[in-house]
Amino acid sequence: CEDACEEPMVELLVMDYWCNWGKAWVTVDVEDKSQAEVSKELEDLTISCEAYNLFYKEVVEEAAGYNAGGGSAADTSGAYAALDAAFGSYIKTWVNNQGQPTDIDG
């Protein structure tokens, strides 16, 4: 997993039916093709327009400003951190062999 989106150097051994062989060092493009799955559904959340305008609108609009122009920009003001603080954030997890969600630290 740590090699995803990297180009590590690997040794490639090629052997045919008659045991002729050759080896070489090559770089490989590692691509993660695993499918994401929801391990726990979250409850729906509703807020009033008044609460949105009072507490969240400024934070959302500042973060949205980084996506203006069709691309993303580096967040130097902490707008994304403020957005995460307001609405929460995702934690990368997977399901272990006992069916329990776990993070990188287990």
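A residue is called buried under 20% relative accessible area, exposed over 50% and partly exposed in between, with a 1.4 Å probe and protein chains only. By this scale both Tyr17 and Trp18 are exposed. The model is predicted, so local features need pLDDT of at least 70 and side-chain atom pairs count only at pLDDT 80 or more, while totals for chains, interfaces and linings use all residues. Numbering runs from 1 along each chain as its sequence is written, and side-chain values use heavy atoms, with hydrogens and water left out.

**Aromatic pairs**

The structure holds three aromatic pairs (rings of Phe, Tyr and Trp, the last by its six-membered ring, with centres within 6.5 Å; planes under 30 degrees apart are stacked, over 60 edge-to-face, the rest tilted). Two of these pairs are listed here.

| Pair | Centre to centre | Angle between planes | Class |
|---|---|---|---|
| Tyr17 and Trp18 | 5.4 Å | 85° | edge-to-face |
| Tyr56 and Phe87 | 4.7 Å | 35° | tilted |

The pair of Tyr56 and Phe87 links distant parts of the chain, 31 residues apart: Tyr56 belongs to helix α1 (residues 49-64) and Phe87 to helix α2 (residues 79-87). Helices here are DSSP runs (H or I, at least four residues), and strands are runs of E of at least two, numbered from the N terminus. Tyr56 counts as partly exposed because its relative accessibility is 22%; Phe87, at 43%, also counts as partly exposed. Together with Phe55, Tyr56 and Phe87 form one aromatic cluster.

**Position of Glu6**

Glu6 lies in the segment before β1 (9-15). With a relative accessibility of 46%, Glu6 counts as partly exposed.
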